[in-house]
Amino acid sequence: MDIKKLLLSILILIFWFPLFLLIWSQSYNLINSIDPGIYIRFATDNKYNVDKFFNEEIDEKTNIYSVIYNALKDTKFENVANKQSLYNYLWKEKKLVTTIITENKEYTKYLKENNLTINDFWMYIEKMTTLDETLLNGSFYISTLIEILIFYFIFKYRLRIYLVAFFIYTFFNLNAFTFDIFGNLLFPFLRSYYSFIGNSLNYEDYQKMIKISLPTIKEALLTYIIIDVI
């Protein structure tokens, strides 16, 4: 085997994760530059183009943010870096925030006048808390597809890619058929690897990793197969 080709292939693989992070970080900039209303449409199932639940204009009328702030005032709430952090924190304190909202007559009046309910409010908050994960999925899919296409068009690794697809699809299907039992077999080995390189991996993070990586890699490989057949 050509050593230079092998080393370059390894380098491309190493570049996979930085490429993924780059695409993910720039996805927000891309959406912000084209149309920030995309976030609102995502969180409201395309019903609204502006934030109908939690913006400065609404706060001026109802004082809802100040009321929530005073009720939840602590270090975590004071240091929320952005709206994503705010929504995640509100979701964690759902029971208390629901009480605060229902006791705020101005805000409940505003919701009623706009044909909105507290359930609509929480559906919006919940969808916004999944925004990071949603863009992570898309970014991981694109970066994986780019890597696969590089190996296909430049390195001519057609058979190798099909072998990888075979193992990925087998693992994905076994994990689905066994309701994550098969996937959990890898957790101790991966945790040991993380420990070896000086990091830690808990089960929750492992599940998130599997949830994001397996479906996106599978779909990227399927896209490659379609391109190869064409």
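Modeller: The pair I take is α6 and α9, whose crossing is left-handed; a crossing is called left-handed if the near helix is turned anticlockwise from the far one by less than a right angle, and right-handed if clockwise. This is a predicted model, in which local features need pLDDT of at least 70 and side-chain atom pairs count only at pLDDT 80 or more, while totals for chains, interfaces and linings use all residues. Residues are numbered from 1 along each chain as its sequence is written, and side-chain values use heavy atoms, with hydrogens and water left out. Helices (H or I, at least four residues) and strands (E, at least two) are DSSP runs, numbered from the N terminus.

Two packed helices are described by the angle between their axes and the distance between the axes. For α6 (residues 83–92) and α9 (residues 118–129), the angle is about 125 degrees and the axes lie 9 Å apart. That value makes α6 oblique to α9. The axes are lines fitted to C-alpha atoms, for helices over the stretch in contact, and the angles run from 0 to 180 degrees between N-to-C directions. Angles under 35 degrees count as roughly parallel, over 145 as roughly antiparallel, 65 to 115 as roughly perpendicular, and the rest as oblique.

Contact means heavy atoms within 4.5 Å. On the α6 side, the residues in contact are Gln84, Tyr87, Asn88, Leu90 and Trp91; they meet Trp122, Tyr124, Ile125, Glu126, Met128 and Thr129 of α9. Sorted by class, this contact has seven nonpolar, three polar and one charged residues. In this scheme Ala, Val, Leu, Ile, Met, Phe, Trp, Tyr, Cys and Pro are nonpolar, Asp, Glu, Lys and Arg are charged, and the others, Gly among them, are polar.

In soluble globular proteins, nonpolar side chains tend to be buried together. A nonpolar core here is a set of buried Ala, Val, Leu, Ile, Met, Phe, Trp, Tyr and Cys residues joined through side-chain atoms within 4.5 Å. Buried means under 20% relative accessible area, exposed over 50%, and partly exposed in between, with a 1.4 Å probe and protein chains only. The largest core has 29 residues, of which Phe54, Tyr107 and Phe121 touch the most other members. Two or more residues each are given to this core by α1, α2 (37–43), α4 (64–71), α6, α7 (94–103), α8 (105–113), α9 and α10 (131–153). The largest share, five residues, comes from α9. Tyr107 touches Phe53, Ile58, Thr62, Ile64, Ile101 and Phe121, when residues up to four places away in sequence are not counted. Apart from this core lies another, of 18 residues, among them Phe140, Ile148, Ile212 and Tyr224.

Two of the contributing helices, α4 and α7, can be set beside the opening pair. Their axes come within 10 Å and cross at roughly 135 degrees. This makes α4 oblique to α7, and the crossing is right-handed. Ile64, Val67, Ile68 and Ala71 of α4 meet Leu96, Val97, Ile100 and Ile101 of α7. The residues of this contact divide into eight nonpolar, no polar and no charged.

The contact of α11 with α14 divides into 16 nonpolar, one polar and three charged residues.

Some single residues complete the picture. Ser139, placed in α10, is buried at 3% relative accessible area. Leaving aside neighbours within four places in sequence, Ser139 is in contact with Phe20, Ile23, Trp24 and Ser27. Ser9, in helix α1 (residues 3–34), is likewise buried, at 6%. With neighbours within four places in sequence again left aside, Ser9 is in contact with Phe151, Phe155 and Tyr157. Asn114 sits in the loop between α8 and α9 and counts as partly exposed at 25% relative accessibility. Beyond neighbours within four places in sequence, Asn114 is in contact with Tyr48 and Lys52.
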